[in-house]
Amino acid sequence: MLKKYAVIGNPIAHSKSPQIHQAFAEETHLNIEYTRVLSPLDGFDATVQALQENGFKGANVTVPFKLEAFRIAQHLTERAHDAGAVNTLIFNQDGIVGDNTDGVGLVRDIEQNLHISLAGKRVLLIGAGGAAEGVLHPILEQKPQLLIITNRTLDKALSMIKKVVEQGEHRYVSVNAHAFDDLGEQAFDVIVNATSAGLSDSHLPLPESIFAQGALAYEMMYGRETPFMQFARAHGAEVADGLGMLVEQAAEAFYLWHQVRPNTAPVIASFRV
Ligand code: NDP
């Protein structure tokens with residue numbers, strides 16, 4: 001029987017998820033239908049209910065519904081709980097299960113595709129919105145030496161750090177939060193831009209000393225060269241965009257739904273051309 005899945009968002013027309021999941025399905029010889037669903041901003045619950053009634057087995061959730069998906073899930077995985085947001089829903093006999101695959105997507109892209117281990121590294125996470133929250137715990141699990149969060153609104157970065165400290169997750173990692181102009185001369189091996197500043201072509205007022213020799217500058221946005229990427233390139237960093245993360249988070253959702261792990265490299269390559 002044809003199994004049905006969807007990606008829910010608003011707007012949704014730009015989403016690459018249907019092509020990614022169809023490519024995985026072809027490679028793994030599965031027969032699936034995966035469609036874009038535009039949900040009204042005030043109608044996420046009804047959209048999810050309609051999908052369940054129509055026999056859908058799961059859905060991905062994107063902007064701006066990840067917090068609502070967290071709220072309506074009847075069961076949460078540990079990583080969804082840690083992230084405080086849900087990007088993958090599984091509809092089964094127990095109801096709605098909510099998971100978050102964004103963080104594992106980022107870590108797999110950095111470690112497996114870019115061949116950079118986060119263990120023992122000095123990591124700077126820029127941003128304190130949903131994307132930053134989603135990747136924080138998966139990064140900490142890799143046991144970097146140091147993790148600093150910096151954000152335009154410092155209070156949000158401070159409260160992320162406070163939560164980490166309260167949960168005791170900083171045991172192996174030195175964690176802190178600083179304002180952009182309070183990073184001093186500190187250098188980092190991996191710098192992850194989890195802000196949406198690139199959307200408006202905004203430059204982040206970061207000191208150039210953040211890039212250690214051979215640093216990786218990871219821009220979570222994809223599809224365009226952002227001012228952050230230009231800044232990082234100009235200071236000698238290796239630069240990556242978020243396409244690999246997008247494909248890896250989709251692969252993890254695919255695994256949750258079908259218990260088959262697709263090969264991501266050809267899909268990433270096909271989107272790069
Ligand atoms: P949110 O709206 O939740 O957070 C936005 C963040 O960006 C905040 O930290 C905000 O700072 C900061 N910000 C926005 N504009 C500026 C600016 N001009 N200067 C400095 N900081 C700014 O968005 P998300 O966290 O959901 O998404 C962030 C980015 O990550 C998006 O570009 C999204 O496309 C990308 N993303 C990529 C994924 C992938 O698979 N590749 C997955 C998920 C997200 P403040 O707190 O001060 O407002």
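Two strands count as paired if DSSP finds at least two bridges between them. Keep that in mind for the first stop, and remember that you're looking at a predicted model.

**Stop 1: strand β3**

Select residues 56-61, which make up strand β3. Five of the six residues here are buried, so the strand is mostly covered. Click on alanine 59 and look across to β5, where leucine 89 stands opposite.

Next, bring in strand β1, residues 3-9. β1 pairs with β3 in the parallel sense, over five bridges.

**Stop 2: the aromatic rings**

Time for some side chains. Searching the whole structure turns up five aromatic pairs. How do the rings of phenylalanine 24 and phenylalanine 254 meet? Their centres are 5.4 Å apart and their planes sit at 75 degrees; over 60 counts as edge-to-face, so that's what this pair is.

Phenylalanine 24 is in helix α1 (residues 17-27), while phenylalanine 254 is in helix α9 (residues 243-258), so the pair ties together parts 230 residues apart in sequence. Are these two phenylalanines buried or exposed? Both are buried.

Then select Tyr5, Tyr34 and Trp257 together: they form one aromatic cluster.

**Stop 3: a charge over a ring**

Finish at tyrosine 255 and arginine 261. The arginine's charged end sits over the tyrosine ring, 3.9 Å from the ring's centre.

Definitions and conventions. Residues numbered from 1 in each chain as written. Predicted model: local features only at pLDDT ≥ 70, side-chain atom pairs only at ≥ 80, totals over all residues. Heavy atoms only, no water. Phe/Tyr/Trp six-rings, centres within 6.5 Å; stacked < 30°, edge-to-face > 60°. Helix = DSSP H or I, 4+ residues; strand = E, 2+ residues; numbered from the N terminus. Buried < 20%, exposed > 50% of the residue type's maximum accessible area, 1.4 Å probe, protein only. Lys NZ or Arg CZ within 6 Å of the ring centre and 35° of its normal.
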